[in-house]
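Please look over the structure shown below, and then read the report that follows.

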Amino acid sequence: MRRRFDRTGTLFVLPYVVLLFVFGLGPAAYSIYQSFVDDRTGTGDVGLSNYQFVLGDFRFWPAVSHVAIYLGIWLPVMVVGVLVFALLLHERASRFSGAMRLLFFLPGAVTGSASILLWYCMLEPSLSPFAPALKAMGLESGNEIFQNTHLTVIFALIAFTTGVGQWIVIMYGALQNISADVLEAAALDGAGAIRTALQIKLPQISKYVLYMVILCLANGLQLFVEPQLIYGITHTAGSPWWSLNQFGYALAFQNGDFGSAAVISLLLLVLSTGAALVLILRTDFFQTEVDR
Amino acid sequence: MSVNTRQRDRWTVLRAVRGTVLLGFGAFCLIPLVWLLLAPTKTDAQLVNGHPLSFGSLAQFGRAWQHLVDYNDSVLYQWIANSILYSVGSLLISVATSLLAGYALAVSRIPGRKALLVLTLIAMMVPPTALVLPLFLELNTVHLTNTALSVILPASFYPFGVYLAFIYFSTSLPKELLEAGRLDGCSEAGLFWHLARPLAKPLIGLLSFFSFVANWNNYFLPYVMLSEESKYNLPVGLGAVVSGTPALNPANGGSFLPITRPEVALAGLLVVVPIAVIFVFCQRFLVRGILAGSVKN
């Protein structure tokens, strides 16, 4: 028998499908097409020349390495930091623990351009309440701090402080899902707080750690506002093509070379879609499918 | 010393270390926010010379506000209005489409259902910034760039909301209820409106929260789409003030504008305060919500 589709349901899903095609699949497909069209010669040749141009550009590999180093610093710090704080908070549930969770969550309200502004001031010794600590590290002035060699660390610090609270809350929630029986059994076996945390709790939430790493990875690849504004303020630290997204922006709006910009967009899109697919295929996070 | 007391001592030390680490990091999170709150109450000189966490005066706060309002013929009010328009506009479209689509995906037989769910999952994981440049090209061909729609419409595509609504309706909407409604002669659209929608109030709150926060803070999309200063939202406007005035760096050129660091801090505060207030009030239900999005239970 032929299955009949529900008309109302189809109508209901339609507006979303339109958005999905126009603002999701459409631009993705368009950037694939655009990446093969050579705008630079004015002939509109179709080929791989944009890819050659981007790979050969003096700005490309530095941008790749900046983003890679940034991720290399930020991701491990983030994973360790989130786990340490979530486990410490979970060690003993109390009013104190709840208050601290809210406190850790708050910097997440300051994101984007506001967080750059705030952290610029926090790292400027003449303004910062952390000036004694900065000076103790031998950093006396803003010029000494906002140097090219420090940028990856600075961006990692900003991303860590603004993002850590949300993930601590998620990990804490995951820890609370561990059954009380398991923890009681561990206590009866004489496991201390540290052993329980590392050998019992940690393995139980490993799925969430993977979830976090992949989402953070996909987001970190898109780094834009931090380097853009820090360069806008300092004019010496970084450049208008420090990160990959900045490089794509510069290609599009300074060189008017949309084909090459599309190559960069596509690269970022492929990497983050790849990360998404790993998550969907390798974990059972998304098996909420109800069969009917 | 007996084994017992030694063990108790070790416990006390561990507890103290735990408390110190947590309190220390808490202070590290709180101090910048307190600084941001206090900065606009001081003059630029007080900001540099006084204690970083001292309070200036309310009168100075008023002056900083006036300076900020005077910047480029009160463009600030325009930015606030734009931020509200863009955030609320996207919120309405995204929440409405997410609810309808999530409901239909959960309870109806529709063509391509499985493919839609997979695409939604992928789209949900891909950060919205990855599509911004191609989106610009696309909207440029239909001459929509530098309009409010160029920010509102792309931000209305909200796969996360669809997925959350799908989970919600598939797990917490009893099938028997729908069947009973059908027997009573209720139309499919009526079922959604009279049964599903009232049940979904917590879901609507959650979707609205996430959508609003994401759109309020949106930087890259409006930055790329909008070329006129009067069309900016607050975060992009703040970015323009930060990098376009000598407030943070005198190397940006001499200026007679009274836009100094306290004014910049005040602009930052304007971006942050609405979100911070919502955060504090919604924390409890947020935790549940974030988890509902990631855990099956």
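## Annotated regions of chain A

The unreviewed UniProt entry lists residues 12–33, 67–90, 102–120, 153–175, 208–225 and 258–281 of chain A under "transmembrane region", with positions in the numbering used here, feature names shortened, and annotations that may be inferred rather than shown by experiment. The model is predicted, so local features need pLDDT of at least 70 and side-chain atom pairs count only at pLDDT 80 or more, while totals for chains, interfaces and linings use all residues. Residues are numbered from 1 along each chain as its sequence is written, chains are lettered from A and ligands numbered from 1 in the order in which they are written, and side-chain values use heavy atoms, with hydrogens and water left out.

Residues 102–120 of chain A are 68% helix and 0% strand, with end C-alpha atoms 24 Å apart, whereas residues 208–225 of chain A are 78% helix and 0% strand, with end C-alpha atoms 27 Å apart; helices (H or I, at least four residues) and strands (E, at least two) are DSSP runs, numbered from the N terminus.

## Where chains A and B meet

The contact (heavy atoms within 4.5 Å) takes 105 residues from chain A and 103 residues from chain B. About 9,600 Å² is buried between the two chains, and carbon and sulfur atoms give 76% of that area, which is the accessible area (1.4 Å probe) that two parts lose on being put together, summed over both.

Across this interface the rule finds two salt bridges, each a side-chain nitrogen of Lys or Arg within 4 Å of a carboxyl oxygen of Asp or Glu. One salt bridge joins the side chains of Glu91(A) and Arg15(B) (3.1 Å, N to O). On the side of chain A that touches chain B, helix H1 (residues 7–35) of chain A gives the largest share, 20 residues.
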